[in-house]
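Me: Hi! I'm new to this one and would like a quick tour. Can you help me find my way around?
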Amino acid sequence: MERLGLSTLDCGRYVVANNPGVSYVFYRKYIYIPQQPSLNTEERTSISRDNFLNGFDPYTLISADDEKSNIALDSTVQLSNDDEAYFLMMDLQPSKSAENQRLIEARLRDQVTPYFGGGFLLESSNSYQYFGERIADNKGWLDFIGRSLLLSIVTTDSASDSKRFVEIPDTRYIGHSILRRSTGLRITTRDTKSFNPRSIAYIC
């Protein structure tokens, strides 16, 4: 499969297709409110591997009169031995620019891909997201969260010698994810979330 131009849902299908031990994936319906938790309970619902890989349409999960909700692909997956594992997903903070994309790619190669393999860098409407190509157990997921926090870096302007702290992961996203015990990325475009993220680079 071509690794550029993939939607978040396409990335999820790519990872599941290449990890035959995954039996179920999960989604959550949520309502986005800036700087606040979702307005609903965000209960996880399972989808079988076959359904997810063959024709799953998240838009059918939202009623026609519900104008606010979106669907997130949850990071939790269930394996054929009934153990839980996790997609490696992260929401990133920097605004879109060529300079920021280069920095993000360099930091991912330094802190993430040596430990978790390659993954997809996606652009959202204003920033970026990351979707790793592997799955991890609970310890691996926590290690990934820790490595993601280490993406942030202090940079130095060569002309003025001034220092600047660049926050790369969205730390509020990480906070909510730890409380929920899972991350997740949006796979629908509704209400204010009208941009469908697409992969713009494969990082390895």
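Reply: Happy to! Keep in mind that this is a predicted model. One place to start is how the chain meets itself: among contacts between residues at least 6 apart in sequence, 73% join residues at least 24 apart.

Me: And how many helices and strands are there?
Reply: The protein chain has six helices and 10 strands.

Me: What about the overall dimensions?
Reply: Along the principal axes, the C-alpha atoms fill a box of roughly 55 × 40 × 35 Å. The radius of gyration is 17 Å, which agrees with the value near 17 Å for a compact globule of 204 residues.

Me: How much of the chain is buried?
Reply: Of the 204 residues, 48% count as buried. The chain exposes about 10200 Å², and carbon and sulfur atoms supply 47% of that area.

Me: Let's pick a helix. What span should H3 have, and what does the model show?
Reply: Helix H3 covers residues 98-111, and at 1.5 Å a residue its 14 residues should span 20 Å. Its end C-alpha atoms are 20 Å apart, so the model agrees with that expectation.

Me: Which residues of H3 are buried?
Reply: They are Asn100, Leu103, Ile104, Glu105, Arg107, Leu108 and Gln111.

Me: Now Thr8. Where is it, and is it buried or exposed?
Reply: Thr8 sits in helix H1, which runs over residues 8-17. It counts as buried because its relative accessible area is 1%, under the 20% cut-off.

Me: What does Thr8 touch?
Reply: Leaving aside residues up to four places away in sequence, Thr8 touches Leu122, Gln129, Phe131, Leu185, Arg186, Ile187 and Pro197.

Me: Which residues have a positive phi without being glycine?
Reply: Asp82 is one of them, with a phi of about 75 degrees. Arg181 is another, with phi near 70 degrees.

Me: Where do I look for Asp82 and Arg181?
Reply: Asp82 is in the loop between strand S3 (70-79) and strand S4 (84-92). For Arg181, look in the loop between helix H6 (171-180) and strand S9 (184-186).

Me: Are they buried or exposed?
Reply: Asp82 is exposed, with a relative accessible area of 57%. Arg181 counts as exposed too, at 54% relative accessibility.

Me: Great, thanks for the tour!

Key:
Residues numbered from 1 in each chain as written. Predicted model: local features only at pLDDT ≥ 70, side-chain atom pairs only at ≥ 80, totals over all residues. Heavy atoms only, no water. Helix = DSSP H or I, 4+ residues; strand = E, 2+ residues; numbered from the N terminus. Rg over C-alpha atoms; globule rule 2.2 N^0.38 Å. Buried < 20%, exposed > 50% of the residue type's maximum accessible area, 1.4 Å probe, protein only. Contact = heavy atoms within 4.5 Å. Areas by Shrake-Rupley, 256 points an atom, 1.4 Å probe, with all protein chains shown as cover. Expected span 1.5 Å × (residues − 1).
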